[in-house]
Amino acid sequence: MCYNQQLFEKIASNYETPSYVFDESIIKERIQLIRDKLSKDTALCFAMKANPFLTGIFAKYVDRLEVCSPGEYEICIREQINPEMIVVSGVSKTSESMERIFSYSHGAGIYTIESPQHYHILKQCAAKYKVRIKVLLRLSSGNQFGMDESSLEHVLSMVLSDDSMELSGIHYYAGTQKNAKKIKNELEMLNEYGKKLQQSFGIETLELEYGPGLMVSYFENAGAAEQEASDAPKQLEMLNGLLSDMHAYNHISIELGRFLASTCGYYMTRVMDSKHTNGTNFVIVDGGIHQINYYGQMMGMKQPYIHLLKNSDGKYQCTSEADAKWTICGSLCTVNDVLVRQATLPTPDIGDVLIFERCGAYSVTEGMAMFLSRELPPVLWVNLDGSIDILRKKTETNTLNGRMEEK
C-alpha cells in the first residue's frame, strides 16, 4: 500500500501527470530522526542542490543551507532566507557572483574558499563592503574540489593575518552513498589534520563542516548488504559515535542533501498505452527518464518502490495485487527511455497512475529535462495539514529549445 493512500488518490484525480509531489510531514519526521540520533551540539546543513524546491521549507528545520551557485543564491533571495544561515560554497566563484551575493548578505553567512583565487575574490568583496566575513577552507579529497594540504595551509596563513576574514574551520565532502568504513576513515583523517592545524598555527577554535554522504536505498531488489547499510537509524548512530571522538574540533556541522530529502518525494506518471511485443509486456507512461533519475539505476535493471493507482471513471484506488512483469517506458523517442525493466505490477490499463517513491532528492533537476521539448512537470507541495500548493505549474520548454528572438 502506498504511503498516505488517500492523499495520492486525491492528487491523481485532481492534478496533471507527470508531476512531482513533496510531503512536508515526511521531512519533519526525517529531521526529528536525525536530531534524536545526533548530539544536540551537532548542527545540520541542507545542501540545497539536492532539491532547490525544498529550500524555503528546510530553512524552518535546519541550521544552515549550502548554496553552490549564483542561481541557488537567487532562490534563497526569493525565499527571503536569512543570509546568516547560508554557506556560500561552489568551485567557480567569480567577482561578479560574489558582488551580487554581498549586495544581499552584506557579508553575513559563511563563505568557502576552494583556491587561492577564491581568497582574493572574497577579500576584495569584504574590503568593498567594509565587513569581516567568516570563511571555511575546503580540503580536497583528491578531485577538483577544494585544496590539497599545502595550498590550504598557504591560504590559512593569509586568512589568519587578514583583518577582513575570520576563520570558521574546515569544509570536507568526498561523495555520496558511502559505507561506515569510508566515513570512519575520513573522520579519523580529519581529526588528525585538525590537530595538526591547531598545533602548527596556534588555532584555539576550529569548526568542521562535514558531508558524510550517508546511504539511501532506492530499490526493492537491492542487495542485502546495501539494504543493511542504508538503515537510517543505524547509520546515524554510527555517525554520532564517530563524531564523539572528533576532539580536534569545537563545533561540527553535518551537511546532508540526499539523505535529508530523498524520502519526502514522489513522481507520478500516467499510463498512456500497454502492449505485448515479442514476449515482453510494455507499459508506456507520459513521463520518462528525462524527469526521474535514481542514483545507481542502470538502464532500468533495478526496481524502485512503485505503486499503481487503478483508474475507475476518474476515481483512483491503490492496489497491490501484482500479477505480471512489465517493462515501464516513457514517452521519449529513444530506446534508452526505460524506467524499469520487468517490474512486478498489477496489470496496468490506460489512465492508471504509477507512483515512484524516494524521489525527493535530485530527480526534479538532474534528468535531461529539455530533451524532445517535453513540458516540465508540475511540482506539488503537501503541507502538514494535508493541503496542497503548486510550487511550479506545467512549463513549456519548446520556447527554450528554439529561436527566442523575433525574426
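Me: Hi! At roughly what angle do the axes of helix H7 and helix H8 cross?
Reply: The axes of H7 (residues 149-160) and H8 (residues 180-201) cross at roughly 45° and come within 12 Å. Axes here are lines fitted to C-alpha atoms, for helices over the stretch in contact, and angles run from 0 to 180 degrees between N-to-C directions. Helices (H or I, at least four residues) and strands (E, at least two) are DSSP runs, numbered from the N terminus.

Me: And what does that make H7 relative to H8?
Reply: H7 is oblique to H8. Angles under 35 degrees count as roughly parallel, over 145 as roughly antiparallel, 65 to 115 as roughly perpendicular and the rest as oblique.

Me: Before I go on, what kind of model is this?
Reply: It is a predicted model, where local features need pLDDT of at least 70, side-chain atom pairs count only at pLDDT 80 or more, and totals for chains, interfaces and linings use all residues. Residues are numbered from 1 along each chain as its sequence is written, and side-chain values use heavy atoms, with hydrogens and water left out.

Me: Back to the helices, which residues in H7 and H8 meet?
Reply: From H7, Glu 149, Leu 152, Glu 153, Leu 156, Ser 157 and Leu 160 meet Tyr 193, Lys 196, Leu 197 and Phe 201 of H8. Contact means heavy atoms within 4.5 Å.

Me: New topic: which strands make the closed barrel?
Reply: The closed barrel has 8 strands, running E2-E3-E4-E5-E6-E7-E8-E9 with parallel pairing. From one strand to the next, the twist averages 30°. Two strands pair if DSSP finds at least two bridges between them.

Me: How many bridges pair E7 with E8?
Reply: There are 5 bridges, between E7 (residues 165-173) and E8 (residues 207-211). Tyr 172 has Tyr 210 in E8 as its bridge partner.

Me: Where does H7 lie on the strands?
Reply: H7 lies across E5, E6 and E7, and runs at about 165° to E6.

Me: What about E10, which strand forms a hairpin with it?
Reply: That is E11, with 2 residues between the two strands, and Asn 278 in the turn has a positive phi of about 50°. E10 (residues 265-277) also pairs with E1 (residues 19-23) in the antiparallel sense over 4 bridges.

Me: Last one: where is Ser 244?
Reply: Ser 244 sits in the loop between H10 (232-243) and E9 (251-256). At 47% relative accessibility, Ser 244 is partly exposed; buried means under 20% relative accessible area, exposed over 50%, and partly exposed in between (1.4 Å probe, protein chains only).
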